[in-house]
Amino acid sequence: MKKKSFFSRFYVVLCLAFFYLPILVTMIFSFNSSKSLTRMTGVSLRWYSELINNVEVARAVYVSLSIAILATVISTVLGTITAIGLSSHRKIVKDIVLNVNNIPILNPEIVTAIGLMLLFSSAGFRKGYLTMLLAHIAFCTPYVITSVYPKVRSLDPNLANAAMDLGATPFEALTKVIVPMIKEGVFAGALLAFTMSFDDFVISYFVTGNGVKNISIVVYNMTKRINPTINALSTIVIVVIIVVLVSVNVFLPKLEKRTDHIHPRVRRGVTIFLVAALCLGLIRCGSISSQNHVLKVYNAGEYIDLSLLDKFQEEYNCTVVYETFESNEMMYTKLASGESYDVLIPSDYMIERLIKEDYLQPLDWDLIPNASGLMEEVMDKSYDPGNKYSCPYFWGSVGILYDRNIVDQADLSEGWELLKDPKYKGDLYMYDSERDSFMIALKALGYSMNTVNEDEIREAYEWLVEQRDTMDPIYAGDDIMDNMISGNKAIAVVYSGDASYTISENPDMDYFTPNQGTNIWYDAMVMTRDCSETDLAHAFINFMIDPESAIANTEEIGYTSTVKSAYDAMLDGTYAEISSYLVDDSDPRNEIFGYQDPKIKQKYAELWTKVKAQ
Amino acid sequence: MKHYKKMIQPYVVWAALLIVIPLILIALYAFTEEGNEVLTLSFTWKNFAKFLESTYVNVVVKSFWLGIITTFLCLLLGYPLAFIISRFPEKTQATLILLVTIPEWINMLLRTYAWMNILADNGIINQLLDLLGMRPVNMMYTDFSVILGLVCNFMPFMIIPIHTSLSKMDKSLIEAAYDLGATPFQTFRKVIWKLSIPGVLNGIMMVFLLSVSTFVIPKLLGGGQYMLIGNLIESQFISVGDWNFGSAISLILAVIILIFMSLMKRMDKQEE
């Protein structure tokens, strides 16, 4: 055809620029010397050296890549033969198979994920590498069929017969005639399958277990606090992809020419050998060596100084399988689906629920000698009277983080009503959590945050609706912290520990707890009912509240320690200037969240959905 | 092709185990109530009745509206790109299609986070505007940011199937059309567009399905007030713990989409 116009080329470049802009930003900021993702403060390789030392990321890369390759190969073969076989069936069979095949494509990922999770749990599968692989094949194959089937349909139905009339066996007709004619469709399907598998998060998260994680799961847990090491990782991924592509395009044609004279059977042998080697390697890597004791710990994301885990493993000659969750509710869902752990670190109200539903076993405090160093203020709370089941880990309050340059100091006396002050319209973040938001409204109205009184709940709902209508707040998640570090808005509702971290990164910010009272919360270590390594679990709990570990932990995370010596050390040292580190639990209007009856919980959740979706 | 009839057997078994059974489990939840115990079943329509409240209907309307806009924009921007790519030499085509696909291999969450930093109030674009002495523009947590994120993420799923049908098109057909005196516009409308319809329908289907049920991108780029059907289902399973209602919503979504699909299929047949 005629020359490509300047406009066509320009359009291609423009579209590619659009696709690559976010990646380019990621790559550039992976060389930033500070954590900021909006301002370059200097060039450094800091994040690359951190990445190299990160074993978790290395394993995740391996899992993602090997699962993506295996799932692509298997689903491409399965999908292609199915598409070919399907074309000669009666219409009714075709319709049924294709409609069933469309289900994983048209269902929201979360539904597929839950369905598969239910299936694996009820069939008694051990969750991990194999379940993740099965799930990936399950959602990749439909994409292969959808892209291969139209190609098969456009083939002449007599093609295979013609080949066989000329003496080809059915297998030869298939591999030498049909497959080459539909190879674009097969290739497109394989590419799609690889893309889907490599990038998958939701399904992987629900069907995996026992410490097997892919890149997405690691990233998701990292993004609570943007960690530029992950930018470094994606830069490397991009560079590797480009290198592979270039070498495929430049070297493969040459290689093909050189191997042309080799006997096909030899070539086939080599291929089979390579595939077998890959599979063996995968199986070896997929299973965790378990000669020594293994402790499974389940904690919130970015909520521990990871070097402590290495230290513990060395000291006790054991393996810690460490997994993280995004919210207490997510942890509960996984636990309820039959996943087993030894030590959990949930929040107060969730511990109360776990105790009520018999998920936990009592602690033997004689095995935790470091308990003597715990602060009196954090012990014996309503969620677990006498600390029969739980050993406090971190604690804090919920309050308002504000920009001192924008918010008038005098307005702070408004307390929670500051969130309804028209002066700051459009300039605030609410925390996207029904429990915390209703706590604010209830406290602003002078009620208990644990109320079950319908009228009070209704009034709080109206408070929140009015706030939404008059203030235009953004209901955000953990991205609030990065937004506040960048100074995007002036006011945000945050947990005190997140405030400490934000203030240490952006000194313009300050924190206060409103005078109408707030939520005081405790996160604590508990031992599950099925925990068999009870000695090791106690040793772990004891290790985490050892004064030295506690200092390292609180310094790294910014949350307030429950260990007296670490708490005092921080108030004199790193967090001396930061008011949010100090937890003031003296106000009698402050409360702890209590266990919610499922009916009440649903009521709150429903109203919160209505506040947001109106 | 009769010889290959049996080749669908492995997949039939596979699909029954890994697609149908999980769905039955979900349907079981949708029509029952109380807790996560399968043993204490009691049949109910309650979960579906609850869905008829205006809040939830609005959520569905918003999701479909967003899905339609995203699909339309992907088609509008993606079709020309697929068309231009299909006119390059074959080797260049393969490279360009790979270039379109590669961004999808970089974690979607990471790319979305990068968009957040580009669009934020003190983000990269606004810093540039500031340098140029212009007033900052509020882009984050708006329809604009959400649609931008969705289009950037899902456009490759429109481009690839369209390109597949355009590239297998017989080029001499176009020449024939010109020889017979067709204008470029007529050639496009009567030949090229007609022949690319299977790819277009495929692309529309993929993008629409992906964008109507998405929840991570709207949540990050639109904030919590961007409540879509995907978020609603997610929150039922994760934070509310009402698996029954969550299952009911996903069944309803599945049915609506099945209807949509059969409409598309009818269009496909008419074109044939």
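Modeller: Let's start with contact: two residues are in contact if their C-beta atoms, placed from the backbone, lie within 7 Å. Bear in mind that this is a predicted model, where local features need pLDDT of at least 70, side-chain atom pairs count only at pLDDT 80 or more, and totals for chains, interfaces and linings use all residues. Residues are numbered from 1 along each chain as its sequence is written, while chains are lettered from A and ligands numbered from 1 in the order in which they are written.

Colleague: OK, how many residues of chain A are in contact with chain B?

Modeller: 91 residues of chain A meet 83 residues of chain B. On the chain A side, helix H1 (residues 6-29) supplies the largest share, 13 residues; helices here are DSSP runs (H or I, at least four residues), numbered from the N terminus.

Colleague: And which residues touch the most other members of the largest nonpolar core?

Modeller: In soluble globular proteins, nonpolar side chains tend to be buried together. A nonpolar core is a set of buried Ala, Val, Leu, Ile, Met, Phe, Trp, Tyr and Cys residues joined through C-beta atoms within 7 Å, buried being 20 or more other C-beta atoms within 10 Å of a residue's own, with C-beta atoms placed from the backbone. Here the largest core has 256 residues, and A:Leu116 and A:Val343 touch the most other members. Helix H6 (residues 129-153) of chain A gives the most to this core, 14 residues.

Colleague: What is A:Leu116 in contact with, leaving aside neighbours within four places in sequence?

Modeller: Its partners include A:Ala135, A:Phe206 and B:Pro22.

Colleague: How far apart are the centres of domains 2 and 3 of chain A?

Modeller: Domain bounds come from an automatic or database assignment. The centres, over C-alpha atoms, are 27 Å apart, and the contact takes eleven residues from domain 2 and twelve from domain 3.

Note on methods: Helix = DSSP H or I, 4+ residues; strand = E, 2+ residues; numbered from the N terminus. Buried ≥ 20, exposed ≤ 12 C-beta atoms within 10 Å, placed from the backbone.
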